[in-house]
Structures are given as structure tokens and as C-alpha cells.
Amino acid sequence: MHSSRNHIDTLLQHTGAAQLDPETESGPVAMPSMRTSTVRFANLAALDRAQRAKMTGERGVTYGRVGLQTHEAFEQMLCELEGGERAFLAPSGLAAISVVLLALLNSGDHVLAADSVYGPVRYLDKTILGRMGVPVTYSRATPDALQAALLPETRVLYLESPGSLLMEMLDLPALTAWAHERGLVVVADNTWGSGYVYRPLELGADVSVIAATKYLGGHSDLMMGGAVARDSDLCRRIGETHYALGYTVSADDVWLGLRGARTLGIRMRQCAANAMRICEFLSGRPEVLQIFHPAWPDDPGHALWQRDCTGSNGLMSVALDMDGARTRRLVDALTLFGIGYSWGGYESLVTVGDTGALAAHSYWARLGDERLRDDSVIRLHIGLEDPRDLIADLTQAFEISREE
Ligand SMILES: Cc1ncc(COP(=O)(O)O)c(C=O)c1O
């Protein structure tokens, strides 16, 4: 499905266009939301063709759960973004992660995971994977550290680059080469890059997972996920599990995802430009110890970002030189940053690093700066507001935070 004919900004506008009616030779510009619970066929031969396609792993649609044109258009969009062959939609990013891991793992298998992955993956591990008898080892994501944690039963390497919280860039080509030499399947969470500024499949990963909830949806009004793969056997395995779990996504939600994707490029570019303005401001503040944002030249992963990414986004974490109580006063004093999880929408958001998650993060310990405290790391999503207003808001909040 991946086309190399046009540049990505052009593909974002033209992928999944609505078909023209053959009789009137006209049709809508935007793909409508095709809501349906089942599919109607002109004759049994047409139904047989769809069944046969389904049996060979193609996108044969005989029932509404799979989704019609709207779903297909968004799946194509994900394939174009990620350079994949098949995409599977899920009701959330976490659901996309879980369907892929359930598709690839059997009882007795072992998973190696980067210690920088999105926190709730550990929840999936503690609940379902644990019950299935699939242990997960979290490790620093370098070939040496992973080698030390490798078991004969290891089947999957699960990565996320840049990592959640501290935006740790991973050397995906080196890690995927190491994993493939050992017969592992590499799954990468690409929510940060959303297929637009980072493409794990091209860097060697076998499956890329995206929370469309973030930049693809882009308007903080949608929960959706997708998993994209190239290899036909992997696609078959994911497809079977996806079907067996009964995952489906409402056509209206898919429609929102498709609409969001049309403006993915300009939104990500603008969020990234605004984030750089905020980095410049923060780097001049005495309260700031370190900025974690791979596009920022002082970020530890900047060289890898320059090598592997074509852009950035609005997400950053900031380690502050203050105690947890002052950090909380600072966050409470912000007026333009909503206090809340998530990111990738049009608006700015802030959260405070959670002690448990950071403590589990060996990267944090490796930074080796004793002034870094896990209750004084804030995560900012820089949205589409005028960065001058965001800077004024941060400035007044820094001042208020001084008052005990
Ligand atoms: C990196 C990453 N992956 C996956 C998810 C899960 O997405 P969802 O909230 O749609 O389940 C998130 C959500 O914050 C995320 O940040």
C-alpha cells in the first residue's frame, strides 16, 4: 500500500479520498463516515469473493466490525505514514499495543522491553501477560544491556523511541539488527513520531504501533490506536488476534482520525516550532536543570534525533531545580497549560512526573545528577497557542511558585 510517488504532505491530503459515483462521476471531497453494522452484497458470488479474500488474509469485508470505506481509508493512511502493508485499528493506543503483544506471544515466551516505555505497558504485563505466563524484563535499551537480559525463550523486543517521560532516543537500527540476529520480533511504539517525523519500520522494526489519540487525531476528542506491519506472516498473526478479540472502532471515530491526519504535518511542525521557543526560554531560567526534548541541541539523544527523525513535536520534559512542593505550586499557577495527561492536541498541557514511573527508569539513575528529583520533573505539551503567551504564563508561574 505504501507509495513512494509523492512526498508525505501530499500523501496526507490524497490518501483515502472518497470514490466518485460511476453514474454521476462526482462525489464528496472528504470521505464520509460509513457507519454500518453489516455489509450487503448484490449476489452470493460477491459474498463468496469477499469470503475468499478474507481467507487469504486480504481485507475481505463481510460484516461491519471490520469497517467499510472510512476504515479502509484510515488504514491506508497509517500504511502510507509508516511504510507498512496492513494496518489494524484498535479502540485506543493501549488496545493496539495489547493486540500486537497478544498476537505475538504464547505462554512460556519472554519479552524484553525498553525501560523507557509508556507506563501502562507494565500494567498489561502485570495483568494479562503475567497470567498467560509471559514474563517481561525491562532493560536499558542498548544491545549490551539487552544481551544480558536475553533468555532462550525471548521472542519479542518491545521498544518506544523517544521514550515516554524523558524522551530517550533509541538507536533503532542497531537494536533491530541485534534483535533480528536472535530471531526476535521488534515492536515499536511510534506515537511520538506518528509516522510523520519518525518511521520505525524503515529503521528495522517489524511492527509499529501508534496511539492516534495523540497527533493523528490532533484535537483531544478521540481515542484510537493502530498497528502497522509489513511482513505477511506477521500481518496474518495480528489480523487473526484482532479478529478473535472482536476489536472495532466506530466509523465516526475513524472519520475524526482521517480528518486529523489531513493537517498532521502543519500541526506537528507548528507544535515543534513553538516547543523550540519554549526550550530557548526555559534554558535561560535558573530554575531549569535539564530539558528533555530530542530536537533541543543539549538533549542527550540529539545526535540520534538528527540522524533518524525528520522533525519533532511539542512534547518535552523539564527537570527543575526545586523541591516537589514548589513544583506543584508552579504547575498550579499556570493558566494556559491545562493540568492533564495526554498530548498531541492543539492545546498546551502539563503533568508532574510520577515518582513510581521515574524510579523504574534506569535512564534517570544513569543521568547521575543528584540534583534531579523525580517529583520536580514536569512534562509539557506545547500546543498551538502563541509561544509568547506561553512564555508569559510560565514566567508568572515561576514567580508565584517562590511564595511558600
Ligand atoms: C507513547 C504512548 N503510547 C501509547 C499510549 C496509549 O494511547 P491511548 O491513550 O490511546 O490508549 C500513550 C498515551 O498516552 C502514549 O503516550
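**Close-up 1. G108 in the loop between α4 and β2 of the predicted model.** In this predicted model, G108 belongs to the loop that links α4 with β2 (110-114). G108 counts as exposed because 11 other C-beta atoms lie within 10 Å, and a residue is classed as exposed when that number is 12 or fewer. Leaving aside residues up to four places away in sequence, G108 touches G133 and E153. For a distance across the model, the C-alpha atoms of G108 and A205 are separated by 23 Å, the two residues being 97 residues apart along the chain.

**Close-up 2. The packing of helix α4 against helix α5.** Helix α4, which spans residues 93-104, packs with helix α5, which spans residues 120-132, at an angle of about 45°, and their axes are 11 Å apart. The two helices, α4 and α5, are therefore oblique to each other, since angles between the limits for roughly parallel (under 35 degrees) and roughly perpendicular (65 to 115) count as oblique. The crossing in which α4 passes α5 is right-handed. On the α4 side the contact is formed by L94, I97, S98 and L101, and on the α5 side by P120, V121, L124 and L129. Sorted by class, this contact of α4 with α5 comprises seven nonpolar residues and one polar residue, with no charged residues.

**Close-up 3. The crossing of helix α4 with helix α8.** Helix α8 covers residues 232-245, and its axis and that of α4 come within 8 Å while crossing at roughly 115°. Here too the handedness is defined, with α4 passing α8 in a right-handed crossing. The residues of α4 that take part are V99, V100, L102, A103 and L104, and they meet R237, I238, T241, H242 and L245 of α8. By class, the contact of α4 with α8 holds seven nonpolar, two polar and one charged residues.

Close-up 4. In helix α7, made up of residues 172-181, the buried residues are L172, L175, T176, W178 and A179.

Notes. Residues are numbered from 1 along each chain as its sequence is written. This is a predicted model: local features need pLDDT of at least 70, side-chain atom pairs count only at pLDDT 80 or more; totals for chains, interfaces and linings use all residues. Axes are lines fitted to C-alpha atoms, for helices over the stretch in contact, and angles run from 0 to 180 degrees between N-to-C directions. Helices (H or I, at least four residues) and strands (E, at least two) are DSSP runs, numbered from the N terminus. Angles under 35 degrees count as roughly parallel, over 145 as roughly antiparallel, 65 to 115 as roughly perpendicular and the rest as oblique. A crossing is left-handed if the near helix is turned anticlockwise from the far one by less than a right angle, and right-handed if clockwise. Two residues are in contact if their C-beta atoms, placed from the backbone, lie within 7 Å. Ala, Val, Leu, Ile, Met, Phe, Trp, Tyr, Cys and Pro count as nonpolar, Asp, Glu, Lys and Arg as charged, and the others, Gly among them, as polar. A residue is buried if 20 or more other C-beta atoms lie within 10 Å of its own, exposed if 12 or fewer, and partly exposed in between; C-beta atoms are placed from the backbone.
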